[in-house]
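Open the model in your viewer and keep the selection tool at hand.

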Amino acid sequence: QVVYGQWDVAGQFVPPRLVRGWVDWDHIARHKLATFEGELAAALPALGIEGEPAWRHIVIGEVPFALDREDAGVAAQWFLQGNRPNTRGLRVGWPWNKQIGDIYAPGWYFVDFEVPAEQVGKRAWIYFGGVDSEAVVWLNGERLGEHDVWNEPFSFDVAGKLVAGTNRLVVRAYTEGGLAGVYKPIAVVVR
């Protein structure tokens, strides 16, 4: 159970605390989502989107994840459909060291999301709130690029790369310390 933060009578904020080892992940996800939506809204003008996008999908919560202790995933082409290794669930939007411990090896996130047919062919971006510290990103088997600044949001232009129906986003994250992994949500945004 989590005792949620509150203001005490002296005007000091008392942070939430963990009681008996249970965490209300849904409550935390709602808070993280609200914060991320504000960050995303502020970032949209730089992507050429004024106001609300035509369509968006936000990734937060549990997705398939695999540690790559041997660093063999690129050679084994884990980014291709059908080449995914055995996975476990891990939450996007939280550092993996807070979920599975301080393990510093490459980690792979496999995110499937649906795109309505009417959104295909439009200008589109995949926006990352934060990945610690190195990220290499593929969409539907095609390498989009990489990013290596842990505390900066980043995006990739995916115009013409989305397909109607299921799309697969694969993120290989690596860090030698710190937060580890996709610690903020991801958004797919269509103008």
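**Stop one: a histidine and its contacts**

Select His147 and show what it touches: Ser133, Glu134, Ala135, Glu152, Pro153 and Phe154, leaving out residues up to four places away in sequence. Keep in mind that this is a predicted model.

Now colour strand β12, residues 142-147. His147 is part of this strand. Is His147 buried or exposed? Its relative accessibility is 15%, so it counts as buried; the cut-off for buried is under 20%.

Next, show the side chain of His147 and look for two backbone oxygens. The backbone oxygen of Val149 is 3.2 Å from a polar atom of that side chain. The backbone oxygen of Glu152 is reached by the His147 side chain at 3.5 Å. Glu152 is also on the list of residues that His147 touches.

**Stop two: helix α1**

Select residues 25-43, which form helix α1.

Now highlight Ala29, Phe36, Leu40 and Ala43, the buried residues of α1. Turn the view to look down the axis of α1. The buried residues fall within an arc of 50 degrees, so they line one face of the helix.

What do these buried residues pack against? Select β5 (55-59), β9 (124-128) and β16 (186-190) to see their partners.

Technical notes. Residues are numbered from 1 along each chain as its sequence is written. This is a predicted model: local features need pLDDT of at least 70, side-chain atom pairs count only at pLDDT 80 or more; totals for chains, interfaces and linings use all residues. Side-chain values use heavy atoms; hydrogens and water are left out. Helices (H or I, at least four residues) and strands (E, at least two) are DSSP runs, numbered from the N terminus. Buried means under 20% relative accessible area, exposed over 50%, partly exposed in between (1.4 Å probe, protein chains only). A polar contact is a pair of N or O atoms within 3.5 Å; within protein, one must be able to donate a hydrogen and the other to accept it, and residues adjacent in sequence count only if both atoms are side-chain atoms. Contact means heavy atoms within 4.5 Å. The expected span of a helix is 1.5 Å times one less than its number of residues. The arc is that of the directions from the helix axis to the C-beta atoms.
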